[in-house]
Amino acid sequence: MKRRQFLTVGTAVMAAPALPSVTAHAAPPAGTLPSRAAIFATVRRVADQWIGSHADPGDNGWARATFFSGLMAAYRLTGETRYLNYTRTWAEKHAYGIPGGVTTRHADNHNCIQTYLDLYELEPSANKLAAATDTLQRMVDSTKIDDWWWCDALHMAMPPFARLGKLRGDPAYATKLYQLYNHTKRTRQLWIPSSGLWYRDERFRPGGITSPNGKPVVWSRGNGWVAAAHVKTLKTLAHQEYSDTLKQLVTALRPIQRTDGFWNVNLTDAQHLPGPETSGTAFFAYAVGYAARTGLLPSATYLPVAARAWNGMVATAVQPDGFLGYVQKVGDRPESSQPITYNSTADFGVGAFLLAGAELAGLASQ
């Protein structure tokens, strides 16, 4: 199957609340979150830099849709109406449509539905979810369950099924979601029961692709997509297996976190292209923060993990103007889009960082 390609590049409904005036902050200890005001300031700096350098909000494919999911999290955190207006402009540009049309079954094409749902919840209007409902209902009505052949698909499509099913009051969406998920997890055997980590796709299972050192290839961002998928789904749909799976994944991350707060691009081989990488780390910070905030895992143990990740990204990857660097661009393994540098960025990486900031702000002191 042809590899997806990376695409570079209203009126407000509520007033933004007054935010603290913040110009500079002393760096906190590595395992301690900065203040809520400091997280606000960093989130706004990163979001503003992206928006300021992208007058055209872009397409509605999976990569840009991930950015807008993060931007809406930043909007809910800050109340900054420019973020809502920019998102609304993007959705209206695409008429709340689905890439590939409503007959598509490809999970990437369903990622935009997450932001359409965010906008619908603020300003309900049937047209916002017409195409979304059409495309997902076609899948619910079918018997096919083998569409999600790569782990990234869980992030792209699990939350839309959970959220739209809840909105419609139709349990068939949750049933179909689990059938698709279970096929990815167990039939394709992308989940590694012994560790809780995930292979990106079947090529990386035992006997397949290995690192130059002969170790398994367990891709950081692939696991980041999985972690974020479970967090977003659990925010809508209580489900014991999803909770247990996220708990196992987050638990596996703690002992392999680097001293600088990042995670390696290959979670099972620290010597395989070592260096900071922001997108996987941001998704992990989002998931670890959620687990600590909700009591899924002990906050005293896991909040420092999330704090080290956040502080590491802010110190290493966030440039003075808000440009977010060290993001591995589009790919499917550690070797993709190398080298990863201070000036490597991507829309989905920015989205992941904004999601992390919004989640961690809920754990920070005032």
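Biologist: What should I keep in mind about the model and its numbering?

Modeller: This is a predicted model, where local features need pLDDT of at least 70, side-chain atom pairs count only at pLDDT 80 or more, and totals for chains, interfaces and linings use all residues. Residues are numbered from 1 along each chain as its sequence is written, and side-chain values use heavy atoms, leaving out hydrogens and water.

Biologist: What makes arginine 163 and glutamate 121 a salt bridge?

Modeller: The term asks for a side-chain nitrogen of Lys or Arg within 4 Å of a carboxyl oxygen of Asp or Glu. For arginine 163 and glutamate 121 the closest N and O atoms are 3.1 Å apart, so the pair meets that cut-off. The pair links distant parts of the chain, with arginine 163 in helix H6 (residues 152–168) and glutamate 121 in helix H4 (residues 113–122), 42 residues apart. Helices here are DSSP runs (H or I, at least four residues; strands are E, at least two), numbered from the N terminus.

Biologist: Why is arginine 163 called buried, and glutamate 121 exposed?

Modeller: Buried means under 20% relative accessible area, exposed over 50%, and partly exposed in between (1.4 Å probe, protein chains only). Arginine 163 has 15%, so it counts as buried; glutamate 121 has 54%, so it is exposed.

Biologist: How do you know that glutamate 202 pairs with arginine 188?

Modeller: Their closest N and O atoms are 2.7 Å apart, which makes a salt bridge. Both lie in the loop between helix H7 (171–187) and helix H8 (220–234), so the pair ties together parts that are 14 residues apart in sequence. Glutamate 202 is partly exposed at 37%, whereas arginine 188 is buried at 15%. Glutamate 202 also meets arginine 205 in a salt bridge, at 3.5 Å from N to O.

Biologist: Why is helix H1 called oblique to helix H2?

Modeller: The axes of H1 (residues 36–52) and H2 (residues 62–78) come within 11 Å and cross at roughly 140°. Axes are lines fitted to C-alpha atoms, for helices over the stretch in contact, with angles from 0 to 180 degrees between N-to-C directions. Under 35 degrees counts as roughly parallel, over 145 as roughly antiparallel, 65 to 115 as roughly perpendicular and the rest as oblique, so H1 is oblique to H2.

Biologist: Which residues make the contact between H1 and H2?

Modeller: With contact meaning heavy atoms within 4.5 Å, they include Phe40 and Trp50 of H1 and Phe67 and Leu71 of H2.
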